[in-house]
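Here is a short report on selected helices, strands and salt bridges. Keep the sequence and the 3D view open while reading.

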Amino acid sequence: METVIENIGSGPAAPTTARDYVSRDATIDANDDMSPGFTSNLPAGKRLISTIHFQVPVVAGTYYYGTCVDPTIGETNLENNCSVGVPVTVKAVEGGSPDLIVINPSILDSRSRPGEFTVKVWVRNIGTDLAANPRMVFYRSDDATIDVSDAEHGGYPIYSVDIDFPRSYVSYPMKAPSSPGTYYYGACVEPVPGESDTNNNCSESVPMNVGVPDLAVGLTWASTSVPLAGQSFTLHATVRNQGPEAAGSTTLRYYRSDDAVIDAADAPAGAGTVGSLAGFDGRVSGPGTRLAASGTSRQEISVTAPSSPGTYYYGACVDGIPGETNTDNNCSAGAYVRVVPSGGDPFNIELVFDGDFTDARRDVMQQAARRWETIITEGLPDVDFSTNHFVFVDDDGSVSASVEDTVDDLRIFIHKTALGGPAGRAGPAYMRSGDPIGLPALGQVWIDESFLARKQQSEPVWIEERLVRDLMLHEIAHVLGFGPIWADLDLLHDLEGDTYFSGERAIAAFNAAGGESYIGNKVSVEFGRGGGAACGSPAHWRAHVFRGLNREIGAEIMEPTIQREHALSAITIQSLADLGYIVDVSRADPYRLPASVSTAQPPTAGSKPVAVHNSDPGPVGTIHIGDEQGNIIRTIDP
């Protein structure tokens, strides 16, 4: 709820407290239920905007929300110190049932109290009805599975959890064990009345290593996700020591598998030596990684694709070392590789880095590019710039890059810069000619350096890496044409303020994901200057339709803001098919639109909604349309 507090007197108001209330009638006063207040002073004639999130009541009915400000020194009129009540109707869900899950456990070590730490989890209601006041319980286990038979370390009731409105996180303070070894922490939410599934009420575990080394294989990716049969390519892997004690040298073994689970039973693909790795400094941990793991080794090996086309998975396992008590994380996940017949034409994305990106950041961004290579299944005509060089010119007129060779299929230049708030922006720079427009050959991505710095300081590695990877997935989609070329393909429309993307394949995927009952135009996109698009046209799916109420977990990758979890859905993939790409929609992540999509209202005629974006601020420069020899035919100016 948002409230405007204004000092309409002739003098400044001394500091006072504003309090938010919920009432069963339209009159707001101090007798109603109160939320915590905030204190501020207010000069004469000035306004202050207060925003607060309320938990949805458990009992159905009509409630009224409002704000009262405490009287301040010298105030003579107290009759207008409370706002009017804003009515909100809570409806009962017929036949609905809650379903709670606990996800994303992590550990934050205390800097001020050595040996103490906090276990943090996220809780989400994926059911169809409110979960009334569940209790969260935290556990320590001797193995990687968390359940109610483990050692309980305390817990407490939490607020009711509505559908599409996950509680940000729940945490609990603990003390580290005194004996060396690997311990596992997590949490379970107790079942609530009517819950449809209680088998998913416990989180994954997060390990804590006390006085021992702990090797883990993290990032693994292939230099190409679509090699030709018999083609050589490079497999990259990262080994980390997540334990506080140093780890001696060992061997990293590479494997090829028919599924995403990598283990020593798979087909060997080579091996390499990993040197000694120092221990970590103990700040933050999550499933499989730590923020400040000081011992990290980047490894790579050349492998040859099988002669038989098909889908394979490549990964690596590190041999255990003396003193290591946790070997559950010694193997990586499998990197998806689709081998195509020799002479085939897979889709290739080449990244060119401009800036001091760390090797780890480059690896994460390469992972994102390789993911898109597995989604787009057919290559595009090469563009030869050897005769007609293409030059990238910065805003100050300087040349940042020049392309003087052949591009197959898409080359993207990645820049680190100061964007002043947004996390990134992106768009195509050179498009193949077509009727009316073709598909891109060159593009650019700008990543905000302060965003990278903040995430490195505040997030566990496993969250930081995922956020950067997902940001790159998002920005590459804009380079591929998501947003910038919609208008030129007559796929972007606005009907009385309701902006939408009209691609038939994307609409069918939207309906299949739960959008059949949405009453607005499909597929709904953000309003006004959606960012990353030529001429300032919208370039993101509409947040309040795709996310619901503050859906911080389970967001769609092409919503306008960077969240903690993202799904690259069939809706986004099929929107690229509407642009002309040949896609494999089976590579989509599972995704369902929030339950509130059936009641989401399109904007009314004459309304001027404003979208706030964490990525892609405004147009990205001139888009050049040209032929396969680099001859520019026309341009689309920002």
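The side chains of Glu373 and Arg370 meet in a salt bridge of 3.0 Å, N to O. A salt bridge here is a side-chain nitrogen of Lys or Arg within 4 Å of a carboxyl oxygen of Asp or Glu. Glu373 and Arg370 are three residues apart in helix α1, so about one helical turn separates them. An α-helix has 3.6 residues a turn, so residues three or four places apart point the same way. Glu373 is buried, at 2% relative accessible area. Arg370 is buried too, at 4%. Buried means under 20% relative accessible area, exposed over 50%, and partly exposed in between (1.4 Å probe, protein chains only).

This is a predicted model: local features need pLDDT of at least 70, side-chain atom pairs count only at pLDDT 80 or more, and totals for chains, interfaces and linings use all residues. Residues are numbered from 1 along each chain as its sequence is written, and side-chain values use heavy atoms, with hydrogens and water left out.

## Gln366 joins in

Gln366 also sits in helix α1, residues 359–375. Helices (H or I, at least four residues) and strands (E, at least two) are DSSP runs, numbered from the N terminus. The side chain of Gln366 makes a polar contact of 2.5 Å with that of Arg370. A polar contact is a pair of N or O atoms within 3.5 Å; within protein, one must be able to donate a hydrogen and the other to accept it, and residues adjacent in sequence count only if both atoms are side-chain atoms.

Gln366 is buried, with a relative accessible area of 14%. Leaving aside neighbours within four places in sequence, Gln366 is in contact with Trp221, Leu351 and Phe353. Contact means heavy atoms within 4.5 Å.

## Salt bridges elsewhere

The structure holds 14 salt bridges. One of them joins Asp319 and Arg253, at 2.8 Å, N to O. This pair links distant parts of the chain, 66 residues apart: Asp319 is in the loop between β22 (310–318) and β23 (335–339), and Arg253 is in strand β17 (residues 250–257). Asp319 is partly exposed, at 25% relative accessibility. Arg253 is partly exposed as well, at 33%.

Arg298, Asp359 and Asp363 are linked in a network of salt bridges.

## Helix α4 and its two sides

Arg505 and Asp578 form a salt bridge of 3.7 Å, N to O. Arg505 lies in helix α4 and Asp578 in helix α6, so the pair ties together parts that are 73 residues apart in sequence. Arg505 is partly exposed, at 46% relative accessible area, whereas Asp578 is buried, at 15%.

Which residues of α4 are buried? They are Ala506, Ala509, Phe510, Ala513 and Gly515. They cover an arc of only 130 degrees around the axis, which puts them on the same side of α4. The arc is that of the directions from the helix axis to the C-beta atoms. Glu504 and Ala512 are exposed, on the other side of α4. The buried residues pack against β33 (498–501), α5 (543–546) and α6 (570–579).

## Strand β30

Strand β30 covers residues 424–432. Nine of its nine residues are buried, so β30 is largely enclosed by the rest of the structure. Seven bridges join β30 to strand β31 (residues 440–448), and the two run antiparallel. Three bridges join β30 to strand β36 (residues 623–626), and these two run parallel. Two strands pair if DSSP finds at least two bridges between them.

Gly427 has Gln444 as its bridge partner in β31. Arg432 has Gly626 as its bridge partner in β36.
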